[in-house]
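Hi,

Here is the structure I promised to pass on. Have a look, and my notes follow below.

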Amino acid sequence: MPAPKKTGRRSVLVTSATLLSLSVTAPAALAAPTPSTSPTATPPAHMSQVGGARLGQPGTQVNLAGGVPALPKDLTARSWIVSDAESGDILAAHNAHWKLPPASTLKMLFADTVLPRFPKTTAHKVVPADLAGIGAGSSMVGIMENETYTVHDLWLGVFLRSGNDAVHVLSSMNGGVDQTVRDMQAHAEELQALDTHVISPDGYDAKGQVSSAYDLTLFARSGLQKKDFREYCSTVRAKFPGGSAKTGKKGTSAREPFEIQNTNRLLSGDSDVPVYQGIAGVKNGNTTNAGATFTGVAERGGKVLLVTVMNPEKHEHNEVYKETAKLLDWGFRAAGKASPVGELVPPKSAAQPGTSASGGDAHRSGGSGSKPVAGSTAGGGSRGMGTALAVVGGLLVLLAGGAFLVNRRWPLPDLMRRRPRP
C-alpha cells in the first residue's frame, strides 16, 4: 500500500541524480551473475511504493542539489538505503524494495516481536524439543540441553553471536516456531514491512523467505524504540553461562561462563574494519543464499542515521561493513543538504492522527530510568574493549508520552550518543 505523502517536503529528481543512477550503480546490478537462490537476478522493473513512488523504481534514487556530496563510486550491494532514524527521511536508496533473502538481519524482527513478552530475569530449563529443527551449519551460541538460562542470557546469545539455538529456545517459550513465525509476519504487516515473508524465525535460508533493505530498516527503527533492544544490540562483549561441571568432594555443580563478542564488526572492530565512530548497533547476517547483510545505526553531530546494505557483489572480507561505513559517512555529510527521496512509514496503528504507536519504553520496558551505553558490556563478568565506556554528550529526547504521530518526528529515546574508539 502506498505510504501517506508528506506535502511540501519532497523535491523532484534532478538530472544529475538520474545520470548517477545510470552511470554508477545500474551497471553493477545488470552485470551481476545470476544467483541461484535470489528471487530474481536483477531488480524488478516495478517494486513496492511504500514510503514513496521513487522507492519502487530500480537503481539509485538520490537528489543531488547544490552542496550535496556525490555518492561513493565503489558500492556493489544489490540493495541499500540511507535514512534519518528520527525523522524517517530517506536520503538515498538503491533498489530499496528488492525482495532478497535477509539472513540473520531478520532476527531484528524476531527481537522486536518477542523481546517484550518475557522479563529478562525469567529462567528457562532447556529441553531437547527446544533445539529441534535448527538448520545445519547454523550460527550457535552454545545452548545446552538440561541447562537453565535466563531470558537475558538468551537475548545476548541472539544479538552478540546470532545464535539460532537461542532463537529456537525463545521461540519455544513463545509457543513454538510456527507460532513465532505467525507473530513475526503479523508484526511485519503492522510495521508496513510488506516485502517480508517469514519462514524461519532465525533468518536461516528457506525457500520463499525474503525481506528488503526498506523493511529491515523499519525493523531496526521499531526495535530501537525499546530500551532492552538498544542495550543488547550495542553490547560488545558479555559473559555467557557454560555447562555444568561436578566440582568438590560433594560433587556440587558449577557453571563456568565464557566470553562472547558481538559479530557486528563496526561495533567490535576487526583487522580490516575499525570501530565506526558513533556506532550503536544493530544486526548483521551472512548465509550462502543471502550473502552478507547488515543494518547499522550511528550518531554524529546530533544526527542519527540508519543504513541497511544487502549482498555486496564484491566478495572481499567484511565488505558489507566497508560499504555500510561509506554510506554512513556520505549520509552524515549529506544530512541537511540532500532532499529526501522517500520516507520510513509509521506502523499501521500509528498512521491515524491522534493514535500513538505501541512499543515505547514506558510500555515495553517499565520506563526509561536505566540507560544503556554504546559499546557497554553486559553482566558482572564482562570485560574487554567494551568495559566502562562513557556516554559523551546529551541524550536524545522522547516526544511527549513516546507517541508517534503522523508527519511528526519519531526520535530514538536515550540512544547512545557516541562510542569512542578503543
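How many helices and strands are there in the chain? There are 10 helices and 13 strands, taking DSSP runs numbered from the N terminus (H or I of at least four residues for helices, E of at least two for strands).

Before the rest, a caveat: this is a predicted model, so local features need pLDDT of at least 70 and side-chain atom pairs count only at pLDDT 80 or more, while totals for chains, interfaces and linings use all residues. Residues are numbered from 1 along each chain as its sequence is written, and side-chain values use heavy atoms, with hydrogens and water left out.

Of the 422 residues, 58% are buried (under 20% relative accessible area, 1.4 Å probe, protein chains only).

Now the cores, meaning sets of buried Ala, Val, Leu, Ile, Met, Phe, Trp, Tyr and Cys residues joined through side-chain atoms within 4.5 Å. The largest nonpolar core has 63 residues, and those touching the most other members are Ile 143, Trp 155, Phe 159, Tyr 214, Phe 219 and Phe 229. Helix α3 (residues 151-161) gives the most to this core, seven residues. A second, separate core of 32 residues includes Val 82, Leu 266, Val 307 and Leu 327.

Beyond its neighbours within four places in sequence, Phe 229 has contacts (heavy atoms within 4.5 Å) with residues including Met 108, Leu 115, Phe 159 and Val 282.

Do look at helix α4 (residues 164-173) too: nine of its 10 residues are buried. They pack against α2 (107-114), β4 (123-125), α3 and α5 (177-190). Just after α4, Gly 175 has a positive phi of about 110 degrees.

Cheers

How values were computed:
Buried < 20%, exposed > 50% of the residue type's maximum accessible area, 1.4 Å probe, protein only.
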